[in-house]
Amino acid sequence: MTTLENANPLVFRRSKERPILPEEEDDNIVDKIDDREVFDMIREINDPEHPLTLEELNVVEESKVKVDDAEETVHIHFTPTIPHCSMATLIGLAIRVKLLRALPARFKVEVQLTPGSHASEEAINKQLADKERVAAALENSHLLNVVNQCLGARSL
């Protein structure tokens with residue numbers, strides 16, 4: 001039996017579902033991707049240690065999602081529940097993979113820890129920004145299965 005790093009995390013209230021406007025359902029209209037749309041993509045990611053979502057643990061917040069549709073960039077800051085969280089890299093990887101799978105390929109995705117939120121912030125941010133390290137991590141079938149579980153996807 002493994003011991004959880006944060007056995008009793010604070011659980012936060014979920015955001016209300018965003019109403020879908022009629023023009024958003026019209027396939028003939030190209031709508032811009034905004035902060036809320038990207039937040040909706042990542043809020044349901046499961047935490048690797050708890051049966052809770054990243055939103056419920058306040059690991060991801062809408063206010064820390066920045067999208068510039070014109071510049072084709074997405075920047076996410078996420079906050080682990082504790083400053084020595086050993087799952088921070090895995091959480092960042094899950095966020096990155098979810099966005100790479102869900103967003104159009106034109107977007108450049110940057111996922112980082114919220115400044116001051118983790119003891120190994122610089123090292124983890126460097127790992128998450130390195131495309132080759134991310135690709136290598138996803139070639140590891142065990143790690144890919146864990147990421148897919150976080151995303152609610154079937155294991156390969």
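Trainee: What do the buried residues of helix 3 pack against?
Mentor: In this predicted model, they pack against helix 2, strand 2, strand 3, helix 4, helix 5 and helix 6. Helices (H or I, at least four residues) and strands (E, at least two) are DSSP runs, numbered from the N terminus. Buried means under 20% relative accessible area, exposed over 50% and partly exposed in between, with a 1.4 Å probe and protein chains only. Contact means heavy atoms within 4.5 Å. As the model is predicted, local features need pLDDT of at least 70 and side-chain atom pairs count only at pLDDT 80 or more, while totals for chains, interfaces and linings use all residues. Residues are numbered from 1 along each chain as its sequence is written, and side-chain values use heavy atoms, with hydrogens and water left out.

Trainee: Which residues of helix 3 are buried?
Mentor: They are Ala88, Leu90, Ile91, Gly92, Leu93, Ala94, Ile95, Arg96, Val97 and Leu99. Ile95 touches Ile42, Ile45, Leu54, Val60, Ile76, Phe78 and Val111, not counting residues up to four places away in sequence. Leu93 is in contact with Ala137, and the C-alpha atoms of this pair are separated by 8.8 Å although the residues are 44 apart along the chain. Ala137 sits in helix 5 and counts as buried because its relative accessibility is 17%.

Trainee: How do I read a nonpolar core?
Mentor: In soluble globular proteins, nonpolar side chains tend to be buried together. A nonpolar core is a set of buried Ala, Val, Leu, Ile, Met, Phe, Trp, Tyr and Cys residues joined through side-chain atoms within 4.5 Å. Here the largest one has 37 residues, and those with the most contacts inside it are Val38, Ile42, Ile76, Phe78, Ile95, Leu99 and Leu103. Helix 3 supplies the largest share of this core, eight residues.

Trainee: And how is empty space found?
Mentor: Rolling a probe the size of a water molecule over the atoms shows where empty space is left. On a 1 Å grid over the protein atoms alone, a cavity is a set of points where a 1.4 Å probe fits but cannot get out; a pocket is an open set with protein on both sides within 12 Å along at least five of seven lines, and lining residues have an atom within 4 Å of a point. The largest pocket has a volume of about 200 Å³. Its lining consists of Arg96, Leu100, Lys108, Val109, Glu110, Ala129, Lys131, Val134 and Ala135. Helix 3 (88–102), strand 3 (108–113) and helix 5 (131–139) each give two or more residues to that lining.

Trainee: How many cavities of 30 Å³ or more does the structure hold?
Mentor: One. The largest cavity has a volume of about 40 Å³, with Asp47, Glu49, His50, Thr81, Cys85, Met87 and Ile91 as its lining.

Trainee: What should I make of phi values?
Mentor: Most residues other than glycine have a negative phi, and most peptide bonds are trans. Asn58 has a positive phi, near 65°, and lies in the loop between helix 2 (35–42) and strand 1 (65–68). Glu72 also has a positive value, near 60°; Glu72 lies in the loop between strand 1 and strand 2 (73–78).

Technical notes
Grid points are joined across faces, edges and corners, and a volume is the space filled by probe spheres set on the points.
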